[in-house]
Amino acid sequence: MKKDFLWGGSTAANQYEGAYLENGKGLSLADVERGADQYHSRIIDSHVVEGEYYPSHVGVDFYHHYKEDIGLFAEMGFSCFRFSINWARVFPKGIEDTPNEEGLKFYDFVINELLSHHIEPVVTISHYETPLYLIQEYGSWRNEKLIDCYLKFCEVLFERYKGKVHYWLTFNEINETMNQKQPYHQAGIIWKENEDHNLTKVIASHNMMIASALCVKLAHEIDENNRVGCMVQYPTTYAKTCNPKDVMARRIHMAPNYYYTDIMCRGYYSNLCKAYLKRLNVQLKISDKDKEILKNGTVDFISFSYYFSSVAYANEENDCIVERNNPYISTSDWGWPIDEIGLRVALNELYDRYQLPLFIVENGLGAIDEVNSEGKIIDDYRIDYLKKHINETKRAIEEDEVDVMGYALWGPIDIISCGTGEMKKRYGMIYVDRDDQGNGSLKRSKKKSFDWYKKVIESNGEDIN
Ligand code: BG6
């Protein structure tokens, strides 16, 4: 690994901070999301219902544990820490003229604490925390007014943290806007009756990508040392067989993902994007002004999450079907395929296509941890997962000549799950005493993987065993 390779971990405010109304914070979209229903998807309310349990309200209380947690990250040797700045903590409704000073103070503390440990802050500007007001009153990213609200937020952050924060990510997993049935987390979308879903997804995505391009430009204007990346979920996908129809189905499946990276990295709607819009039967008129904005706001690097791979095939009707079943690989407790080679494939595919530095900002194993009779958590399964994925990252760098800036695994400390709201789906190397009902002391303790990751970082990836 390069000498300045960034090692660390990633989190999101709504899954970690808690203090959901403290010091003037407004409600974000996550604050009205309950845990999972019997189908493991989140229940979304329109307001906070008394007596219901909302995991984001306490998270694992980073708000009051930030010194202790950052101390533990420093002990592992982190050189970077990715977190999001909760938009609704800074602009409670999203429309105010001036930011909430008390909300910003919390991030001053966090950033100063990180810097005192020589940990580079990596900030996700929007990680599933759009203010609820903007969703309910403005219709969220369907509405181009959100672009200005977002930019005002960006400007406050860039001015305030100038010289302190150099790495910024514009929108977490922006491509999930197209992939989700209802992209609530990504774009704050709640379907209206009779709405054309594809059209709305395309418009919301366009507005977000314009916001992202303007954000990149602004970041560079305010501080030429700012480096801004897009952030996508990379869905490594294999054709199920060598039947050319399956190979084509796989290509079609990748289109909604490259749709975003093509626009954000190349600065225009590529042939793939145009073909995809045709397939969706959506007409999008892009003004000359917007074309110019996209051209002038391409990202400096690509950051991405990678957890598992899928397989694609064409059915009898020639529709593209995607499934997680792959007989060659095992799965996690949550049925997610464990495929470390898929990460090497992801790194190669993205680098071949864009030749931009890549930053792995999410990767990890969500698992059930048991505290043994000695009070310890021996998470060899997690070490095994991470070891294999780091090894494939090394191979991509050393054998395939891919430019990788860093590796920030997901949830270095246990936080609530985004997909299910569960606490028992744990990714961390630091255990947090809290359960799915919100019981527990919130006490932090080290798992076996803590010392393992420390050794990996100390040796700059040389000693991963
Ligand atoms: C990514 C998100 O999709 O996956 C994170 O950016 C999320 O917010 C992570 O936590 C893991 O998913 P889950 O559902 O296991 O928390």
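Me: Leaving aside neighbours within four places in sequence, which residues is R344 in contact with?
Reply: R344 sits in helix α13, residues 340–354. Helices here are DSSP runs of H or I with at least four residues, strands are E runs of at least two, and both are numbered from the N terminus. Contact means heavy atoms within 4.5 Å. Beyond four places in sequence, R344 is in contact with E392, R395, A396, E399 and D400.

Me: What kind of model is this?
Reply: Residues are numbered from 1 along each chain as its sequence is written, and side-chain values use heavy atoms, with hydrogens and water left out. Local features need pLDDT of at least 70, side-chain atom pairs count only at pLDDT 80 or more, and totals for chains, interfaces and linings use all residues, for this is a predicted model.

Me: How many Å separate the side chains of R344 and D400 in their polar contact?
Reply: A polar contact is a pair of N or O atoms within 3.5 Å; within protein, one must be able to donate a hydrogen and the other to accept it, and residues adjacent in sequence count only if both atoms are side-chain atoms. The R344 side chain makes such a contact with the side chain of E399, at 3.4 Å. With the side chain of D400, the R344 value is 2.8 Å.

Me: Is R344 buried or exposed?
Reply: Buried means under 20% relative accessible area, exposed over 50%, and partly exposed in between, with a 1.4 Å probe and protein chains only. R344 has a relative accessible area of 16%, so R344 is buried.

Me: What distance separates the C-alpha atoms of R344 and K394?
Reply: The two residues are 50 apart along the chain. Their C-alpha separation is 8.8 Å.

Me: Where does E362 lie, and is E362 buried or exposed?
Reply: E362 lies in strand β12, residues 358–362. Its relative accessibility is 4%, so E362 counts as buried.

Me: Which side chain joins that of E362 in a polar contact of 2.6 Å?
Reply: Not counting residues up to four places away in sequence, E362 touches R82, H127, N172, E173, M231, F304, S305, Y306, Y307, A408 and W410. The polar contact of 2.6 Å joins the side chain of E362 to that of Y307.

Me: Which residues around the ligand come nearest?
Reply: Here a residue counts as near if one of its heavy atoms lies within 4 Å of the molecule. There are 13 residues around the ligand. Those that come nearest are Q15, E173, G419, K425 and Y427.

Me: How much of the ligand's exposed area does the protein bury?
Reply: Oxygen atoms of the ligand are 3.2 Å from an N or O atom in the side chain of W410 and 3.2 Å from one in the side chain of S417. For the side chain of Y427, the value is 2.6 Å. Taken alone the ligand exposes 370 Å² (Shrake-Rupley method, 1.4 Å probe). The protein buries 92%.

Me: Which side chain makes a polar contact with that of D31?
Reply: D31 is in the loop between α1 (13–16) and β2 (33–36). A relative accessible area of 2% makes D31 buried. Beyond four places in sequence, D31 touches residues including Y20, V48 and H57. At 2.7 Å, the side chain in polar contact is that of K25.

Me: Which backbone nitrogen does the side chain of D379 reach?
Reply: D379 is in the loop between β12 and α14 (380–398). The relative accessible area is 0%, so D379 is buried. At 3.3 Å, the D379 side chain reaches the backbone nitrogen of K448.

Me: In the hairpin of β10 and β11, which residue takes a positive phi?
Reply: Strands β10 (310–314) and β11 (320–323) pair in the antiparallel sense over four bridges; pairing needs at least two bridges found by DSSP. Five residues lie between the strands. With phi near 70°, the residue is N318.

Me: Is N194 buried or exposed?
Reply: N194 lies in the loop between α8 (184–187) and α9 (197–222). Its phi is positive, near 60°. At 77% relative accessibility, N194 counts as exposed.
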